[in-house]
Amino acid sequence: PNGSGKTTLLKAISRVVAPTGGIIRLDGLPLADISSRDLARSVAVVPQETTVGFDFTVRDVVLMGRYPHLTGITHLSDRSVNAISGGELQRVIIARALAQEPRHLLLDEATSHLDISHQVEVLTTIKKLSGEIAVIGVFHDLNLAAYFCDEIIVLKNGKIEAAGTPAEVITPAT
């Protein structure tokens, strides 16, 4: 549900906010022991909403990362990010995150602004990378979560309500 702590969890993992308790470990190391530079090299984040304050081209934004072909946006590369749709911009931000070549990818409702065909395209691309990188995604669409996620955690009021495979978690009771 909204307000259950999903975005806060991702912000804590990316060290935007401090956890209120416990220890977050990344590759076995306490997050607090990882330098900001090493964290930035290891973790890429795709937030719910993105604004680009300058009139960069799509190519420039992705080169802040390096992978325009992964999200099907090569045809947009010379356009201004201010002249593309919200869904196209989200694909640019996903491409930028992938271009970082992270070991961990955090997706906060990353496909919510995309039409279904682009949701499937982007998530299929990311799923192919899941053997190489760890992906944590926040979804409200249970169908997408069930299809693309190996494990699901349902949060409610900041606590884990259910965890396991999609078949174990997505039940009438849950």
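The buried residues of helix H1, where buried means under 20% relative accessible area with a 1.4 Å probe and protein chains only, pack against helix H2, strand E4, strand E5 and strand E6, contact being defined as heavy atoms within 4.5 Å. Those residues of H1 are Lys6, Leu10, Ala12 and Ile13; viewed down the helix axis they fall within an arc of 160°, so they line one face of the helix, the arc being that of the directions from the helix axis to the C-beta atoms. This is a predicted model, in which local features need pLDDT of at least 70 and side-chain atom pairs count only at pLDDT 80 or more, whereas totals for chains, interfaces and linings use all residues. Residues are numbered from 1 along each chain as its sequence is written, and side-chain values use heavy atoms, with hydrogens and water left out.

| Partner of H1 | Residues |
|---|---|
| Helix H2 | 36-42 |
| Strand E4 | 104-108 |
| Strand E5 | 134-138 |
| Strand E6 | 152-156 |

In the loop between H1 and strand E1 lies Ser14, which counts as buried because its relative accessibility is 16%. Leaving out residues up to four places away in sequence, Ser14 touches Leu39, Val45 and Leu106.

Note on methods
Buried means under 20% relative accessible area, exposed over 50%, partly exposed in between (1.4 Å probe, protein chains only). Helices (H or I, at least four residues) and strands (E, at least two) are DSSP runs, numbered from the N terminus.
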